[in-house]
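I opened this entry to look up a few things in the structure. My notes follow the display.

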Amino acid sequence: MREKELRLALVCYGGISLAIYMHGITKEVWKLVRASAARRRGDPAGADSEAVYRDLLDMVGDTVDLRVIVDIVAGASAGGINGILLADAIAGGRDMEPLRDLWLDGADVDKLLDEGGAAGRWTKWWATPLVWYARRHGYGMADAVVDPTARVEVRAKLSRFMRSRWFRPPFSGVGFTAMLYDALAAMAAMPAGPPLIPPGLPLDLFVTVTDFNGRPEALTLHSPPAIVETEHRLIIGFHSSGQEAVRTVGDAAELAFAARATASFPGAFPPAQVGEIDAVVAARGATWPGRAAFLQRIFPRRAASGRRFEDAALIDGSVLNNRPFGPAIDALRRRPSHREVDRRFVYIDPKPGMHGQDGPADGVMAPGFFTTVLRALADIPREQPIRDNLEAIAALSARVRRLRIVVDGMTPQVDAAIEDAIGLRFFVLPLTPQRLSAWRSRAQTAAARGAGFAYAAYGALKLAQVTETVAERIAAAAGPVAGMAVAALINGERLAVAGATARGGAYSAFVDFLRRFDLEFRIRRLRFLLRRLNRLATEQGDVDRGATDTLKATIYDLLAPYLDRRRDDYLGGIATPADPAAALAAFEAALDLKSLDAATDARLVEVLAHDLAAPVRRALLRAWLGFPFYDIAMLPLLHGDGLDEFDEIKVDRISPDDAVAIRAGGHAATLKGTQFNSFGAFFSRAYRENDYLWGRLHGADRLIDIVVSSAAPPFDLAQITAIKRRAFAAILAAERPHLTMIPDLLATLDREVAG
């Protein structure tokens with residue numbers, strides 16, 4: 001049966017109290033991924049909507065064996081918190097059920113208020129009219145709450161909030177940090193299952209923050225030759241390579257600090273500082289063993305200049321980057337492909353559309369002073385459309401389509417060229433590591449000569465790329481001066497690209513340099529072999545699935561040591577001499593690519609010798625030996641970077657406007673957290689229950705759409721509607737005991753779901 005992976009790169013927007021709604025959506029993402037992983041392992045179906053997702057995957061399994069994976073998560077502000085919690089659950093196989101209490105109980109204005117700034121009985125009694133003014137002028141719709149009994153709660157809490165201390169943030173930074181740390185600890189305390197992402201597949205998490213003081217960044221110009229600008233954008237990234245014995249994206253202290261920083265809404269919370277998480281960790285008698293390494297990684301400029309990490313002040317990531325597609329797109333460049341992949345960017349937008357569209361109609365008075373200032377400083381920068389991101393994704397997809405056309409068009413000629421270069425020995429002689437190495441050298445020489453003038457451009461590009469990479473790696477380990485000295489040393493050797501096409505080109509100085517240092521070529525070649533294997537498994541029905549899976553596992557094992565050498569910290573324990581020649585020799589010894597190549601050849605020969613039909617074995621050998629031909633054509637099209645995934649990208653949105661299976665009307669017809677400039681859910685437990693429930697329902701609605709569109713089974717609308725109704729009913733049944741403040745909504749939804 002055709003195998004396929006639906007890979008989701010999740011991008012979570014900011015939304016202040018709409019974080020509660022987004023938690024409902026990310027919980028459904030978690031349940032879908034859990035259902036897929038359990039199905040893959042042959043475990044019983046889970047409870048709640050998981051059972052419905054399991055049945056859905058079984059139904060589409062008549063045409064495609066679909067596996068759903070989340071391997072990239074990026075978020076800002078409220079979306080950053082939810083992204084961190086979801087990524088932690090995916091990496092560690094953790095249970096997200098304890099998070100319900102975090103949002104329904106903890107995300108309350110009375111609990112978020114700083115104890116030193118909470119309102120007393122007579123505190124700012126003169127501010128009470130402001131509460132009346134806010135309600136009269138539409139800054140909240142307390143009377144429209146689902147349960148009328150919540151009106152009293154909203155009015156009282158709004159009054160206390162308005163009368164809390166002014167000109168200082170009313171919410172507690174330490175209290176918020178403690179709430180996040182405790183939520184992560186509660187997840188960790190539950191029995192963990194296996195990770196929800198396959199071994200060997202990386203998991204990347206990114207959250208945006210804003211460095212309030214900024215950091216100097218040097219820029220090179222023609223005139224003047226150098227300038228310094230202040231950069232305030234900061235991305236805190238976490239990475240799991242898939243090779244760890246115990247899989248995780250980060251320590252609880254690191255994740256809590258990142259969550260606190262990304263959601264440090266200006267004016268509501270004080271800027272996030274390291275001292276807050278230090279105090280929380282100490283108060284709980286815990287430790288943070290990786291503290292120094294983490295802080296050096298996210299504050300490299302401070303580390304280099306000797307400035308205190310504790311003085312850094314971070315504010316909300318949505319101030320400068322509320323829609324963090326950029327780091328998620330960059331992560332695609334380092335993604336292995338297990339089998340056919342349907343890559344989706346799925347973004348969660350709790351309140352789609354420009355808020356400015358809700359403004360006054362034509363002919364009404366222009367916005368006033370405070371409205372203009374607030375919109376200019378806060379709202380408009382966060383609401384910019386994602387056209388640039390979508391165009392970047394479309395450009396990647398176009399490159400992939402062109403590459404596929406190039407590869408398919410070249411394959412017959414490359415296969416013939418390999419047979420010409422190797423001769424009858426390719427068909428007759430048994431495969432050995434020595435023969436494989438010799439044939440590979442012969443094929444590389446044939447590719448270089450056959451490419452003609454094109455090889456000069458390709459070789460120059462590779463030489464520049466490898467030189468830059470080596471210099472950057474040594475600079476990271478020994479400083480920028482050492483890196484520049486090594487680059488100058490390599491460039492001074494004036495390696496002749498033409499040596500590869502001359503007689504004895506396989507032993508030229510240029511080729512020898514690439515054999516010692518061209519790590520990315522090896523990674524591209526192994527990934528190319530995987531893609532060819534996946535293609536053969538799809539096109540030829542008689543391919544032995546067990547042998548194919550064994551070979552795939554072997555290729556990933558072979559990839560692992562090459563990928564390890566790509567890590568930023570790989571040279572961390574290597575002594576780098578000051579002399580550039582000695583530094584280059586130390587780097588070469590650390591990479592040890594020639595020995596690794598020999599081990600790779602031996603293992604590849606061993607696995608190809610067993611259980612594969614002769615045509616499949618020869619096709620894979622042609623791909624392995626012929627890769628230099630393909631690389632000469634592909635690398636310039638990739639602009640010098642190795643795009644690991646070789647699949648087009650589609651974009652899907654999850655928002656109240658898109659999930660209309662139960663109720664149309666968007667956020668105005670369903671959500672309460674949009675009130676009070678999106679702070680509304682902090683003022684009422686009923687509001688939070690409402691938004692959390694709608695988040696789960698909307699998440700199920702859209703995720704079913706996405707799965708069906710990926711599998712493309714012959715479902716009619718009635719079948720999809722029936723699946724969605726089952727999922728909605730399962731969610732309502734599971735949440736009813738926990739949602740005690742919205743009985744009227746639950747009863748209404750029962751009727752709407754039943755149709």
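How many cavities of 30 Å³ or more does the structure hold? I found eight. I took a cavity as a set of points on a 1 Å grid over the protein atoms alone where a 1.4 Å probe fits but cannot get out. A volume is the space filled by probe spheres set on the points, which are joined across faces, edges and corners.

I noted that this is a predicted model, where local features need pLDDT of at least 70, side-chain atom pairs count only at pLDDT 80 or more, and totals for chains, interfaces and linings use all residues. Residues are numbered from 1 along each chain as its sequence is written, and side-chain values use heavy atoms, without hydrogens and water.

I checked pLDDT, the predictor's confidence in each residue, from 0 to 100. The protein chain averages 82, and 82% of the residues score at least 70. Residues 121-133 fall below 50. That stretch has 18 contacts (heavy atoms within 4.5 Å) beyond near neighbours in sequence. Where pLDDT is low, the predicted coordinates should not be read in detail.

Next I looked at the second largest cavity. Its volume is about 170 Å³. I counted 16 lining residues, meaning those with an atom within 4 Å of a point. Ile16, Phe176, Ala263, Phe269 and Phe682 lie nearest the centre. The elements giving two or more residues to this lining are α3 and α8 (173-189); helices are DSSP runs (H or I, at least four residues), numbered from the N terminus.

Last, I looked up what α3 meets in α4. Ile81, Asn82 and Leu85 in α3 touch Leu99, Leu102 and Trp103 in α4.

Methods: On a 1 Å grid over the protein atoms alone, a cavity is a set of points where a 1.4 Å probe fits but cannot get out, and a pocket is an open set with protein on both sides within 12 Å along at least five of seven lines; lining residues have an atom within 4 Å of a point.
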